[in-house]
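Please read the following note beside the sequence and the structure. Each point takes up one feature.

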Amino acid sequence: MQYKALAKGVALGVTVGTVGYFVLQASAGEKHRLKRRTMRAVQAMGDVWDSVSDMLHMQ
């Protein structure tokens with residue numbers, strides 16, 4: 001059995017479930033803020049990934 005894959009699947013399921021709960025319980029203004037913050041987080045992760053990728057290619 002692949003425990004690493006199982007752990008990733010469980011973590012992803014918990015994350016998706018938590019986000020889904022917050023979106024369903026949020027008001028319209030809260031949903032707008034949540035979307036904006038999510039986009040900022042995704043952009044930040046993209047920037048981090050680009051930086052790591054650049055560092056790996058420099059060597």
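1. Tyr3, Leu6, Val10 and Val14 make up a nonpolar surface patch, and together they have about 430 Å² of accessible area. A patch consists of residues with over 30% relative accessible area and no salt bridge, where nonpolar side chains (Val, Leu, Ile, Met, Phe, Trp, Tyr) are joined within 5 Å and like charges within 9 Å. A salt bridge is a side-chain nitrogen of Lys or Arg within 4 Å of a carboxyl oxygen of Asp or Glu. Accessible areas come from the Shrake-Rupley method with a 1.4 Å probe, and for residues only the protein chains shown count as cover.

2. This is a predicted model, in which local features need pLDDT of at least 70 and side-chain atom pairs count only at pLDDT 80 or more, while totals for chains, interfaces and linings use all residues. Residues are numbered from 1 along each chain as its sequence is written, and side-chain values use heavy atoms, with hydrogens and water left out.

3. Val10 belongs to helix α1 (residues 3–25); helices (H or I, at least four residues) are DSSP runs, numbered from the N terminus. Val10 counts as exposed because its relative accessible area is 51%, where buried means under 20%, exposed over 50% and partly exposed in between (1.4 Å probe, protein chains only).

4. Gly20 also lies in helix α1. Its relative accessible area is 28%, so Gly20 is partly exposed.

5. Arg33, Arg36, Arg37 and Arg40 form a positive surface patch; Lys and Arg count as positive and Asp and Glu as negative, while His and the chain ends are not counted. The place of a charge is taken as NZ of Lys, CZ of Arg, CG of Asp or CD of Glu. Arg33 is in helix α2 (residues 28–58) and is partly exposed because its relative accessible area is 38%.

Note on methods. Helix = DSSP H or I, 4+ residues; strand = E, 2+ residues; numbered from the N terminus.
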